[in-house]
Amino acid sequence: MMERKLKFLIFSAVGICLAFLSMRAGVLAGPASPLVSGITATDPVNLNTCSTVVIWCNATINDGDGWEDINNVNATLWDPASTAEGSSDSNSNHYTNSSCTLGANVSFTDVPANCSFTLQYYANPADWTCKIYANDTSGNSGSSFITDATINTLRALDAENAIDFGSLVPDSTSPEDANNTVTNCGNVPIDLNLSGTDLVNASAGIANISVSSVKHNVTAPGQDYAAGMSPLSATPTYANFTLAKRTNGLSINKTYWKIGVPSVIEKLIYTGTITFTAVDDN
Amino acid sequence: MVKHNLIYGIFYGAVLLVLLAMPFAFGEDVSTSVAIGNSPPVVGTVTSSDDFAPPTCGNVTAWCNATITDANGYNDIKIANATLWDPASTTIDGSDDNSTHYVTRCFLNGGSGSAINANCSFAIVYHANPAEWTCRIYANDTSSNVHNNSKTDVTIITLRALDANNTISFGTLSPGTSSTADANNTILNCGNVPTDLNLSGTDLTNATASVTNISVGNVKYNITTPDQQYTTSMTSLSATSTYTNFTLTKRTSGLSLNNTYWKIGIPASIENLVFTGTITFTAVPDT
């Protein structure tokens, strides 16, 4: 009898062990989902005037089945104040990277993912969200995000390099406007501060051309020199230009310039400078 | 030391945060240029010497002046010339001839700003026509633009003048005789109009003479024809100025001159002395 009880106990114990091992073996064989953690991003982002800048959104990807099980990492960067994660890409508020770069694994299960975005100069100034997705070979995925990737305000412009008033005789004013096209090279609407220098020639013996003889109208072409235009000054002076931020095509507007020539001035070429500065749109 | 490092660290960190928080703003310098073109010169009001007469058989400097302006500055005025002419007898394009037409290059001085003075002087010869002359000043700039202005009432007044040889020597004559040959005196028109003559004279005297002198009436002349008979074809000089029709033309190119012919008659009784007197030639209007 004792022998039979002992056998029973032994077989029971073996059975329990086998059942446990069977259960354990079943758990080890199931696919593990990737985990995204430790997201960092370029912050703040300073855009480049009328150009692009490459920024990063990085994370560590973990897969319990081993890092090699991760077959794709992608990321979305968007401005949640003006669009949704699932929206189409827009240089102003939505960027995607469909194939982030995986770095060298740091363990059997962990590997860094580097997600770059080439941001245009007119990407919204805001706190953007960067969300990184990891997918493994079993179709499992994981994601994580940060919401405070700040893109700074870029207030910038590009003006044509030169304004040529042509040839004028003494004591005359420009019969027609000399135009200068200004491009918004930033990510906010802008007005202008304008200033300038006298137009001079080093060999002039009688007169140069005062900066105030240069006049502008930043909104309306064909204005009368005396009555419809503002004189330029050596001191930066605000002009209400309201050049919108770019959304699709370039955001440009013309400015209109004329010059008045003194009554007595030598036959020379006089040169100066006008400084266009982007300022807050009011 | 640690405390200082902490303070510096906080400070630089704060500066960095401020810089990062600042919105980026950019401006751009645009070059401006204008080429000043040519403006022609302008000759202002012409002023001149007026009512002037050249000196007898000499020259006088007359002038025409103007202020020339050029909006490109006085240095742009390259040259100024002037023409002075008698429009009643020639044109502005006539040739220089001393009588009716003069051209001169002006002296530019006193430039300032747009203006410079043009001083145009002419050496006017004595036979320049008595008339209302016109003076026109031309200014050229460096771009070959030309402007002119004129003054039409530059008056040269009449100069009626002559020059005679200084002496008439009748040579040696015996008492009771007269000159066998003419003593000539050449008269030169030294003015700017034709002239006739007024003639007068004095007795020929010698302070030591006790018998007689030679009366002015013994001096005779013929102002047109030489070798005339003393008694029948010559006119006696008088102490009173007497008109004679000489018609000595105004000079045009060469000198305008004519001879006058003189003889003298000697009293029958007269001492052996040298007697001297004076003849006065006066230019008078040609009639």
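The points below concern the fold, cores and domains of a predicted model.

1. Chain A is built from 1 helix and 18 strands. Of its 282 residues, 37% count as buried.

2. The largest nonpolar core holds 68 residues. The members that touch the most others are Leu77(A), Ala113(A), Cys130(A), Ile132(A) and Val34(B), a list that draws on both chain A and chain B. Within chain A, domain 1 (34–151) and domain 2 (157–280) both give residues to this core, so the core lies between them.

3. Ala113(A) shows how one of these core members is placed. Beyond its neighbours within four places in sequence, Ala113(A) is in contact with Asn58(A), Ala59(A), Ile61(A), Val73(A), Cys100(A), Leu102(A), Ile132(A) and Ala134(A). One of these partners, Ile132(A), is itself listed among the core residues that touch the most other members.

4. Another core, of 27 residues, lies apart from the largest one. Its members include Tyr102(B), Cys106(B), Phe122(B) and Ile124(B).

5. For chain B, the domain assignment gives domain 1 (42–156) and domain 2 (162–285). The centres of these two domains of chain B, taken over C-alpha atoms, are separated by 44 Å. Contact between them involves 8 residues of domain 1 and 9 residues of domain 2 of chain B. On the side of domain 1 of chain B that touches domain 2, the residues divide into 4 nonpolar and 4 polar, with no charged residue.

Key:
Residues numbered from 1 in each chain as written. Chains lettered and ligands numbered in written order. Predicted model: local features only at pLDDT ≥ 70, side-chain atom pairs only at ≥ 80, totals over all residues. Domains from an automatic or database assignment. Contact = placed C-beta atoms within 7 Å. Nonpolar A, V, L, I, M, F, W, Y, C, P; charged D, E, K, R; others polar. Helix = DSSP H or I, 4+ residues; strand = E, 2+ residues; numbered from the N terminus. Buried ≥ 20, exposed ≤ 12 C-beta atoms within 10 Å, placed from the backbone. Core = buried A, V, L, I, M, F, W, Y, C linked by C-beta atoms within 7 Å.
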